[in-house]
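Trainee: Please take me closely through one part of this model, the strand pairing, and follow it out to the side chains that go with it.

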Amino acid sequence: DNTDSEYQVQEIDHSGNVIKRLTPEDLGCSADHALLYGSNWLISCYDSDTSQYKIMEVNPNTKNILSTKYAEDVRDIFVKNSLYGYASADTIYLYKGEGYGFQTQAYLSGEAIISISVLENGNYLISGSGVKEADASSGEVIKETYAFSGNEYDAEELSNGNWLILTNNKAVEINPNAVSSSSGGVSSIVIIQN
């Protein structure tokens, strides 16, 4: 609710104290996603001056921007082993290094991706119109669920292999092995929080 902290990237300890902070002035744009990338931060942001999305690697201790890559329509960013990438509305891109840039990993026709993460098996977990596991190379949907009426806005894999799904009004944990790719149903739902 504090407008002074809007679009900042912060590391906060368990007591709520800010340990490190990057502001729009530090980044030159308005941050919307951030992840840990090695000992640095991977940040996506939108530059309203140039109408472009950027993905930056930043040293949070010195606030030095180590690299800047321009991208299209960044909905979410992810880290996959030593690489990183982003999802647009219907396409997953992976940065393959200097000279190669972002390359299409998978095109998911008709999707509306809101968030993306990488599963332990290397496949992608996407949410938007349902929650889906997509094959890392082909983009083929392996498992999917529409059990929450399209209100899913984030999904992550937990250490026990279950999926934590955030909806408009609750967090749910599901067993992905109970998810059917043919019917899109779920036979086992454990509600964690309403």
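**Strand pairing and its side chains**

Mentor: In strand S14, Val 141 is the bridge partner of Ala 134. Strands here are DSSP runs of E with at least two residues, numbered from the N terminus, and two of them pair if DSSP finds at least two bridges between them. The model is predicted, so local features need pLDDT of at least 70 and side-chain atom pairs count only at pLDDT 80 or more, while totals for chains, interfaces and linings use all residues. Residues are numbered from 1 along each chain as its sequence is written, and side-chain values use heavy atoms, with hydrogens and water left out.

S13 and S14 are part of an open sheet of 4 strands, ordered S11-S12-S13-S14, with antiparallel pairing. Its edges are S11 (115-118) and S14 (141-145); each has a single partner strand, so one side of each is left without a neighbour in the sheet. From one strand to the next, the twist averages 20 degrees. The axes are lines fitted to C-alpha atoms, and angles run from 0 to 180 degrees between N-to-C directions.

A second open sheet of 4 strands has the order S7-S8-S9-S10, again with antiparallel pairing. S7 (76-80) and S10 (102-107) are its edge strands, each pairing on one side only. In this sheet the twist averages 30 degrees from one strand to the next. S9 (residues 91-95) is joined to S10 by 5 bridges, and the two run antiparallel. Within that pairing, Ile 92 of S9 stands opposite Ala 106 in S10.

Now the aromatic side chains. The model has 8 aromatic pairs; rings of Phe, Tyr and Trp (its six-membered ring) pair if their centres lie within 6.5 Å, and planes under 30 degrees apart count as stacked, over 60 as edge-to-face and the rest as tilted. Tyr 84 and Tyr 95 form a stacked pair, with 5.4 Å from centre to centre and 10 degrees between the planes. This pair links distant parts of the chain, 11 residues apart: Tyr 84 is in S8 (residues 83-87) and Tyr 95 is in S9. Both tyrosines are buried, where buried means under 20% relative accessible area, exposed over 50% and partly exposed in between (1.4 Å probe, protein chains only). They also belong to one aromatic cluster, together with Tyr 37, Tyr 86, Tyr 93 and Phe 102.

Glu 98 forms a salt bridge with Lys 69, their closest N and O atoms being 3.4 Å apart; a salt bridge is a side-chain nitrogen of Lys or Arg within 4 Å of a carboxyl oxygen of Asp or Glu. Glu 98 lies in that loop and Lys 69 in S6 (residues 65-71), so the contact ties together parts 29 residues apart in sequence. Glu 98 counts as exposed, at 63% relative accessibility, whereas Lys 69 counts as buried, at 12%.

The whole structure has 5 salt bridges. Among them is Asp 73 with Arg 75, at 3.2 Å between the closest N and O atoms. Asp 73 is partly exposed at 28%, and Arg 75 is partly exposed at 31%. Another joins Lys 20 and Glu 11 at 3.6 Å, N to O. Lys 20 is partly exposed at 24%, as is Glu 11 at 31%.

Further along comes a hairpin. S15 (residues 154-157) and S16 (residues 163-166) run antiparallel and are joined by 4 bridges. Ala 155 stands opposite Ile 165 in S16. The hairpin has 5 residues between its strands, and Gly 161 takes a positive phi near 90 degrees there.

Finish with Glu 173, which lies in S17 (residues 171-174). Glu 173 is buried yet has no salt bridge, and the nearest side chain of opposite charge, Lys 143, is 14 Å away. For charge, Lys and Arg count as positive and Asp and Glu as negative, while His and the chain ends are not counted. The Glu 173 side chain does make polar contacts: one with the side chain of Asn 160 at 3.0 Å, and one with the side chain of Asn 162 at 2.7 Å. A polar contact is a pair of N or O atoms within 3.5 Å; within protein, one must be able to donate a hydrogen and the other to accept it, and residues adjacent in sequence count only if both atoms are side-chain atoms.
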